[in-house]
Amino acid sequence: MKDGFIKTAAVVPAIKVADVDYNAQKVIKLMKDAFAHQAKIIAFPELVITGYTCHDLFLQDTLLEGAKEALLKIVAETKGEDALVFVGYPLTYEGKLYNTAAVLQNGKIICFIPKRFIPNYAEFYELRQFTPGPARDLTINFAGEQVPFGSHIILDVDAIHDLEVAVEICEDAWVLNAPDIEHAQAGANVIINLSASNETVGKDDFRKTLFNSISSRTISDYIYVSAGDGESTQDIVFGGRVFVYENGSLLAEKKIFNNAYNEDQIVYADLDIKRINLERRRMTTYFSKQPEDYLHIPVHMEKVETKLERTFDPHPFVPSDKAKRDERCEEILNIQSRGLAKRLDHIHARCAVIGVSGGLDSTLALLVTARAFDLLGIPRENILAVTMPAFGTTERTHNNALTLAKTLHLTLKEVNIKEAVLQHFKDIGQDENVHDVTYENGQARERTQVLMDLANKNGGIVIGTGDMSELALGWATYNGDHMSMYGVNCGVPKTLVSHLVRFFGETTKDKELAECLFDVLDTPVSPELLPPTENGKISQKTEDLVGPYELHDFFLYFMLRCAYSPAKIYRIAKMTFKGIYDNETILKWEKIFYRRFFAQHFKRTCLPDGPKVGSVAISPRGDLRMPTDASAAIWMKQLDALEA
């Protein structure tokens, strides 16, 4: 349970209707399997001890007494285990029968939580046997023990700060005033649904949409487990469906009928409780009224480090599915181009000036600008693509810049800045043979001056090309490439830039443009501020200097979007990039990331306008409000401790 992770198990046993001894043995076996797997929350389907489809057999004392004995056997087998076990059980109380979840831990029944809404339509007629849960919480005598019984119960687990678990049963989730809303308002961040939901054509799609929505709306981890094989098929069939959602993201599932006949199934998932709590804190519109009628039951668990089976996408900004990735690329290109179109339209500008290097970022900015001009009906010839060769420019990138301007039908202008930069070096006393930061930044600022003056001369604006990853690291020359009049790439991380360019290359009908775009993609990322090698190759590779962008984008996403601590990010990065980077390399670049992120924020506080694209953004006017002189000490202290 380190770092807020807790392992859960949703269990679908193949049962026998009304055979409580057989079902109890199944529950015990699978429960112990889940214990061995370090699961700390274990959920079984609705009425699993008897089977949901007993119908009028629920009116027989023989079945109910047998179910009670079976439950007590299961309870006894939890002795010595601190996991919470949720078992569907038919509870009798004061002459009425209730469909409940029995919550078990360490040889005791913690509570009974009844179903509130009893369906009595279509194929369901539960009101024939069952009574809706009582309006108020009670304490009942069960097997000589006083046990809480009620719908307004939340289990407060001390092993993870602010882990609060609630239960609803099947139909409860399908109604207008579902209990999950009250549970979430009362603080529950994990909601468990014990179900027996039969299959009909199209129902599973609706069910998936429903529970995805519940998890998103309540900002919760939602565990849904439904009955499967063994239930009566006299009139209906059960598919053993399982979902585990985290704030609308599917962590794990068992699809309907996705098992051999009569095969038991356990679906494991690692919940991230801290992330749920962050989302609730971050969303100031999330409402928690803390209803007074809820009973909060303290639950003790030992704090252990569970082996994580949860995986993390190494490229969290980039969908792994190609169809979704292409859809995302089209959406992002529209956001970028519409944002620029609005700016051009507002200031009545009919010209745009872009510095074209033949690299990835300026290529994307060119493509976006061309789309914006098409939207406005302005001829692309009004886009002034400026190539500014200097000391580090290679033939490959220069040729690609020329090809891009030609195939996109832009106006090309070449301004060789070597002499201007040499004159500047002479003016300030800079030795041109000393390739230091002044040597590099002098070129970057000269290029920006050229672009700004050309924009003034032509009545246009300068389009910024820097991407979000560079801005996060401060990998930009202050008042050089850092500055523009509208930055179209400011919301796009480096790992996504390449996919946007590739998408454009795959969808364009211009073969020459496509070939050029693919060559740009194959070109190493470089500012080209240092002279090339003797054979004309790029000598200055950004990732050799600042680190792999796939690592930095990974750090950036989980730091800003999920508020993970440096240690937690390091933990999941080691898992995610195992076999790609060793632990020392990951930690080295993570330390550089944090150091640069804090030290370079002064560059971000004066960024030009530009469109937010995804859920992570670093605009000082939007998502990221932090002081420029904030100390990174406590973050670096944690990283230093990991290194030690």
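## Phe597 and the nonpolar cores

Apart from neighbours within four places in sequence, Phe597 is in contact (heavy atoms within 4.5 Å) with Ala472, Leu556, Met559, Leu560, Arg604, Leu624 and Met626. A second, separate core of 50 residues includes Cys54, Leu63, Val75 and Ile140. A nonpolar core is a set of buried Ala, Val, Leu, Ile, Met, Phe, Trp, Tyr and Cys residues joined through side-chain atoms within 4.5 Å. The largest nonpolar core has 87 residues, and Phe597 is among those with the most contacts inside it, along with Leu366, Phe555 and Phe558. Helix H7 (residues 360-376) gives the most to this core, namely 9 residues.

This is a predicted model, in which local features need pLDDT of at least 70, side-chain atom pairs count only at pLDDT 80 or more, and totals for chains, interfaces and linings use all residues. Residues are numbered from 1 along each chain as its sequence is written, and side-chain values use heavy atoms, with hydrogens and water left out.

## Ile417

Ile417 sits in the loop between strand S18 (411-414) and helix H9 (418-428); helices (H or I, at least four residues) and strands (E, at least two) are DSSP runs numbered from the N terminus. Ile417 counts as buried because its relative accessibility is 1%, the limit being under 20% relative accessible area with a 1.4 Å probe and protein chains only.

Beyond four places in sequence, Ile417 touches Met388, Pro389, Ala390, Gln443, Glu446, Arg447 and Val450. The C-alpha atoms of Ile417 and Glu446 are 7.3 Å apart, with the two residues 29 residues apart along the chain.

## Largest pocket

The largest pocket has a volume of about 1300 Å³. A pocket is an open set of points on a 1 Å grid over the protein atoms alone, with protein on both sides within 12 Å along at least five of seven lines; lining residues have an atom within 4 Å of a point. Of its 41 lining residues, Ser249, Arg275, Asp313, Pro316 and Tyr557 are the closest to the centre. H6 gives the most to the lining, with 5 residues. The lining divides into 20 nonpolar, 8 polar and 13 charged residues; Asp, Glu, Lys and Arg count as charged, Ala, Val, Leu, Ile, Met, Phe, Trp, Tyr, Cys and Pro as nonpolar, and the others, Gly among them, as polar.

## Largest cavity

Gly466, Leu471, Asp481, His482 and Leu607 lie nearest its centre, among 15 lining residues.

Note on methods
1 Å grid on protein atoms, 1.4 Å probe; cavity = no way out; pocket = protein on both sides within 12 Å on 5 of 7 lines; lining within 4 Å. Points joined across faces, edges and corners; volume = space filled by probe spheres on them.
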